[in-house]
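Subject: A structure for you to look at

Hi there,

I am passing along the structure we talked about, and I hope you enjoy exploring it. My notes on what turned up follow just below.

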Amino acid sequence: MTLKRPRQATASTASLMRIFTVPEDATSTLSIIERKLSEDLAGFLGESIAVQEKPLPEIEADFSAFEIPETPRFVSDYTDEIMHNLVAHSVHTASPSFIGHMTSALPYFVLPLSKMMVGLNQNLVKIETSKAFTPLERQVLGMMHHLVYAQQADFYQNWMHSANHSLGAFCSGGTVANITALWIARNQLFKADGEFKGITREGLHRALRHYGYDDIAILVSERGHYSLAKAADLLGIGRDNIISIPTKGNNKVDVEHMRQVALSLAANNVKVMAIVGVAGTTETGNVDPLAELAALAAELHCHFHVDAA
Ligand SMILES: Cc1ncc(COP(=O)(O)O)c(C=O)c1O
C-alpha cells in the first residue's frame, strides 16, 4: 500500500460532533479494512503484513517523532499510515508457519464479539457503568472457582453474586495475577491479631516483630517466571527471598528438595509465606507436581499459589 499525500483537516465543533455521530463512509479506507477483516481475516492478514521483514532500526525511524502533532488529521489518512508503518510490519501470529506457544491465530467469533465489547464500552469498576457485565464476571469467577474447589450448589448460590464477597479477581495478565495472589498470601499471613492491626495497616517491619519471624520467603521452581521476583520486590519481601528450587526431571520442581529448604529456613526462623507451583513453565510448558506441592503447603501451613499464566 502506498501512502497518499496528507490533506489538511480542520478542528471544529462540527467535526468533533461528526466523529461521534456519523459512521465512516462505506468507501473510506477504514470501512474497506473493516469489511476485509470481517469477511476474510486470514486474507487480510496475509495481504497486509509484509512478507519481507524490515530491519528494526528502519521501523524505529518510522516512530521517531516525539512531539504530539498540533494539526488535525483525517482518519483515513492516519489509517493509511497505520497500514503502511504498523500493520505491514506486525508479526503474523496466525500464519501457519509461525511457531509460538503463547500467541496464535484467533477464532473468528472473537472479532465481532470484541467489536461489540468495544462498542458497549463498559467499565466494571462499578455496577453503575457495567450492569449485566458485573454478574457475568461473577459467574465466570464462580465457574473457575468451582473448577478448582468444587463446592456445593448452595455455596455458589450464597456467595457468587454477593456484593460483599469475591470468589476471585480478574487480572490483566500473569504479572498482575502473581502480584495479586502473593499480596493476598502476605496479608493473610500477617493478618490482624490482638493489638496488631495487620500488615495492611502497620507494614512488614512491625508484622515480623509481632509474629516473631526474622524473615519470610517464597519457594518456587528454578523455572518460575521472573514476575514472581517483581511481586516480592513490590510487596516488600525482597527479590532475594524468592528461593529458587532445582528441578528434578522434565523441568518439574523437586518437591523433596523444596521440603528440605523449607525445613532449613524454619530452623533459621524464616517463615515460608507461600510456595508457588508452576502450571506450564514459560519456556517448556511443563507442569509441576501440583498435588504434592499442595500437600507440602498444608504441611508447612503456608499459602499455595499456582501460576497458570
Ligand atoms: C508462567 C508465567 N507466569 C507469568 C507470566 C507473566 O505474564 P504477563 O506477561 O501476562 O504479565 C508469564 C508470561 O509469559 C508466564 O509464562
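Let me start with Asn 187, which counts as buried because its relative accessibility is 19% and the cut-off for buried is under 20%. Please keep in mind as you read that this is a predicted model. Asn 187 sits in helix H9, which covers residues 174-189. Which residues does Asn 187 touch, once its neighbours within four places in sequence are left aside? They are Ile 199 and Thr 200.

Next, have a look at how two of the helices meet. H2 packs with helix H5 (residues 75-85) at an angle of about 50 degrees, and their axes are 8 Å apart. That angle makes H2 oblique to H5. On the H2 side, the contact is made by Thr 29, Leu 30 and Ile 33. H5 contributes Val 75, Ser 76, Thr 79, Asp 80 and Met 83.

Asp 25 lies in it, between helix H1 (13-21) and helix H2 (29-39). With a relative accessible area of 46%, Asp 25 is partly exposed, since partly exposed is the range between buried, under 20%, and exposed, over 50%.

On the surface you will find a nonpolar patch formed by Phe 109, Leu 113, Met 116 and Leu 120. Together these residues have about 410 Å² of accessible area. One of them, Leu 113, belongs to helix H6 (residues 110-120). Leu 113 is partly exposed, at a relative accessible area of 44%.

The loop between H6 and helix H7 (133-149) holds Asn 121, and Lys 131 is found in the loop between H6 and H7 as well. Asn 121 is exposed, with a relative accessible area of 63%, and Lys 131 counts as exposed at 60%.

Happy exploring, and do write back with any questions.

Best wishes

Technical notes:
Residues numbered from 1 in each chain as written. Predicted model: local features only at pLDDT ≥ 70, side-chain atom pairs only at ≥ 80, totals over all residues. Heavy atoms only, no water. Helix = DSSP H or I, 4+ residues; strand = E, 2+ residues; numbered from the N terminus. Buried < 20%, exposed > 50% of the residue type's maximum accessible area, 1.4 Å probe, protein only. Contact = heavy atoms within 4.5 Å. Patch = residues over 30% accessible without salt bridge, like charges linked within 9 Å, V, L, I, M, F, W, Y side chains within 5 Å. Areas by Shrake-Rupley, 256 points an atom, 1.4 Å probe, with all protein chains shown as cover. Salt bridge = Lys/Arg side-chain N within 4 Å of Asp/Glu carboxyl O. Axes fitted to C-alpha atoms, helices over the stretch in contact; angles between N-to-C directions. Parallel < 35°, antiparallel > 145°, perpendicular 65-115°, else oblique.
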